[in-house]
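Visitor: I have not looked at this one before. Could you walk me through it?

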Amino acid sequence: MIIQLSDAVSTEEAQALARRFSAILLNDSGERLLITSSKQSDLSPELEACAEEIFSMQSDIQLASRQFRPETREISLGAAGTIGGSSKRTLMMTGPCSVESEEQLIACAEFVKRMGIRVLRGGCFKPRTSPYSFQGLGEEGLKLLAQMRETYGLTIVTEVRDATHIDAVIAHSDIIQVGAKAMYDHGILRRCGQAAKPVLLKRGFGTTLQEFVQAAEFILSGGNPDVMLCERGIRTFETKTRFTLDLCGVAWLQEHTNLPIILDTSHAMGYRYGVPALTRACTAMGVDGLLIETHPNPDKAMSDAAQQLSFEQFEDMFASLKPIAAAVGRTLV
Ligand code: PEP
Ligand code: MN
């Protein structure tokens, strides 16, 4: 339940109510909210007396619910402008799976810039399945990304793998990516809740939509209103493709949540050949953003080599997406 407190309630009273009812007290752009579990359905007369408005929810999808705020949140992404809101833009985010070297990253940044794209994405702390695979350049990679922001004026997305380097990632990125494996790490979610930067939260491959949005609730209720949800494929019985992109789930998220939605077709498909067509399908769904892996020499990539697009492949795909975006009333940027 979300109780929007009336102006007559003092700060001390609000804090006392939060303690008494085990509620989270949140300042949401000037409004003070007391948030209790949705299971707490009986409202005490004391709380009712303090309320300006009461939102009673069916589940703990609360701040992210359209029942609470019907409009899609608008999030400022620095130099890249905004995502969500009523802008009707679909924002492309691209770059390599891993930052590998200065030379590789400059090639990517120059390509991104040439395409007129504003967001460069690359991982420096990679959550690899094997400890013997390339683990990322770490802080050295973060510095290279910061250099690209400086030189090319790009907005930078990079992922946090665990709590050991979260402050460094927050400091060096414009958008913090929380990956499919890290999304269950409550230390990361809570730290992101205190960060003054937007968060791109990926869905775990075994995560239900309810659990996914509840992970976002940890960040939102921690005080960070700027969360984007990213569907990147879930694990099903199918093994011919890397994962199964849950577009039905995307429709559900669009219907029920107020968070901008981003689709990552690269990790879902796992193979280059399927990525362009899949991305066209996603664009037709009218999503807020797309995340695609590109590499100057994909076959030689140090992670996710099979799925990254070459610059030529990306360029062809990008041109084909623009009329599709326009057909659903959106502009691809
Ligand atoms: C990535 O974005 O490179 C990545 C590791 O993705 P995911 O967390 O979706 O597996
Ligand atoms: Mn990857």
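Visitor: How do S1 and strand S3 pair, and over how many bridges?
Guide: This is a predicted model. In it, S1 and strand S3 (residues 31–35) are antiparallel, joined over three bridges. Gln4 has Leu33 in S3 as its bridge partner.

Visitor: Which other strand does S1 pair with, and in what sense?
Guide: S1 also pairs with strand S4 (residues 51–55), in the antiparallel sense and over four bridges.

Visitor: What about the hairpin of S2 and S3, how many residues are between the strands?
Guide: There are two residues between the strands, and Ser29 has a positive phi near 35 degrees in this hairpin.

Visitor: New topic, the metal. What coordinates the manganese ion?
Guide: The manganese ion (ligand 2) has Cys97 (SG), His267 (NE2), Glu293 (OE) and Asp304 (OD) as its donors, at 2.1 to 2.4 Å. Along the chain, their spacing reads C-x169-H-x25-E-x10-D.

Visitor: Where do Glu293 and Asp304 lie?
Guide: Glu293 is in strand S14 (residues 289–293), while Asp304 is in the loop between S14 and helix H11 (311–327), so the pair ties together parts that are eleven residues apart in sequence.

Visitor: Buried or exposed, those two?
Guide: Glu293 and Asp304 are both buried.

Visitor: And His267, which side chain makes a polar contact with it?
Guide: The side chain of Asp264 does, at 2.7 Å from the side chain of His267. A polar atom of the Asp264 side chain is also 3.0 Å from the backbone nitrogen of Ser266.

Visitor: Where is Asp264 found?
Guide: Asp264 belongs to strand S13 (residues 261–264). Its relative accessible area is 0%, so Asp264 counts as buried.

Visitor: There is another ligand. Which residues are around ligand 1?
Guide: Among them are Cys97, His267 and Glu293, which are also donors of the manganese ion (ligand 2).

Visitor: What sits at 2.7 Å from an oxygen atom of ligand 1?
Guide: An N or O atom in the side chain of Arg121 does. For Ala180, a backbone N or O atom is 2.8 Å from an oxygen atom of ligand 1. For Glu293, an N or O atom of the side chain is 3.2 Å from an oxygen atom of ligand 1.

Visitor: How much of the accessible area of ligand 1 does the protein cover?
Guide: On its own, ligand 1 has 300 Å² of accessible area, and the protein covers 93% of that.

Visitor: Last one. Where is the place of Ile166?
Guide: Ile166 is in helix H5 (residues 166–172). Its relative accessibility is 6%, so Ile166 counts as buried. Ile166 and Glu102 are 64 residues apart along the chain, and their C-alpha atoms are 22 Å apart.

Conventions:
Residues numbered from 1 in each chain as written. Chains lettered and ligands numbered in written order. Predicted model: local features only at pLDDT ≥ 70, side-chain atom pairs only at ≥ 80, totals over all residues. Heavy atoms only, no water. Donors = N, O, S within 2.8 Å, 3.2 Å for Na, K, Ca; no water. Buried < 20%, exposed > 50% of the residue type's maximum accessible area, 1.4 Å probe, protein only. Pairing = 2+ DSSP bridges. Near = heavy atom within 4 Å. Polar contact = N/O pair within 3.5 Å; in protein donor to acceptor, adjacent residues only side chain to side chain. Areas by Shrake-Rupley, 256 points an atom, 1.4 Å probe, with all protein chains shown as cover.
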